[in-house]
Amino acid sequence: LTPKESWIEIVRVINEYDNPTRALRVWKSAVVVRIKANDTGRERKAVITARSFTKSDQVTLIQSAQAEN
């Protein structure tokens, strides 16, 4: 399902890091996302899937409902 108003935005895809560290090799890539605050009163979930040729992987983001004061 695609929400009427998007609460998660893909900001950019990193194919190769500019300044690798020992813990992160140059050939590692990433997806940078921006997530809006959850003021819906309900938990919400998103699944991000990345594919490259015949390989794919996915991550599920679960955002709890914000507690009311």
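Student: How much of the chain counts as buried?
Tutor: Of the chain's 69 residues, 12% count as buried. Here buried means under 20% relative accessible area, exposed means over 50%, and partly exposed is in between, with a 1.4 Å probe and protein chains only. Keep in mind that this is a predicted model, where local features need pLDDT of at least 70, side-chain atom pairs count only at pLDDT 80 or more, and totals for chains, interfaces and linings use all residues. Residues are numbered from 1 along each chain as its sequence is written, and side-chain values use heavy atoms, with hydrogens and water left out.

Student: Got it. How many helices and strands are there?
Tutor: The chain has zero helices and four strands, giving the pattern β-β-β-β along the sequence. Both kinds of element are DSSP runs numbered from the N terminus: helices are H or I with at least four residues, strands are E with at least two.

Student: And what share of the contacts joins residues at least 24 apart?
Tutor: It is 33%, counted among contacts between residues at least 6 apart in sequence. Contact means heavy atoms within 4.5 Å.

Student: Switching topic: how many salt bridges does a search of the whole structure find?
Tutor: The search finds one. Glutamate 9 pairs with arginine 34, and their closest N and O atoms are 3.1 Å apart. The criterion is a side-chain nitrogen of Lys or Arg within 4 Å of a carboxyl oxygen of Asp or Glu.

Student: Let's look at glutamine 63. Is it buried or exposed?
Tutor: Glutamine 63, which sits in strand E4, is buried, with a relative accessible area of 18%.

Student: What does the side chain of glutamine 63 join up with in a polar contact?
Tutor: It joins the side chain of arginine 44 at 2.7 Å. The side chain of glutamine 63 also reaches the backbone oxygen of lysine 36 at 3.0 Å. A polar contact is a pair of N or O atoms within 3.5 Å; within protein, one must be able to donate a hydrogen and the other to accept it, and residues adjacent in sequence count only if both atoms are side-chain atoms.

Student: What else does glutamine 63 touch?
Tutor: Leaving out residues up to four places away in sequence, its contacts include Trp7, Ile35, Asn38 and Arg42. There is also a C-alpha separation of 6.2 Å between glutamine 63 and lysine 45, which are 18 residues apart along the chain.

Student: Asn38 came up there. Where is asparagine 38?
Tutor: Asparagine 38 is in the loop between E2 and E3, and it is buried at 3% relative accessible area. Its side chain makes a polar contact of 2.6 Å with the side chain of threonine 40. The side chain of asparagine 38 also reaches the backbone oxygen of glutamine 63 at 3.4 Å.

Student: What is the phi of phenylalanine 53?
Tutor: Phenylalanine 53 has a positive phi of about 55 degrees, although it is not a glycine. Most residues other than glycine have a negative phi. Phenylalanine 53 is in the loop between E3 and E4, and at 87% relative accessibility it counts as exposed.
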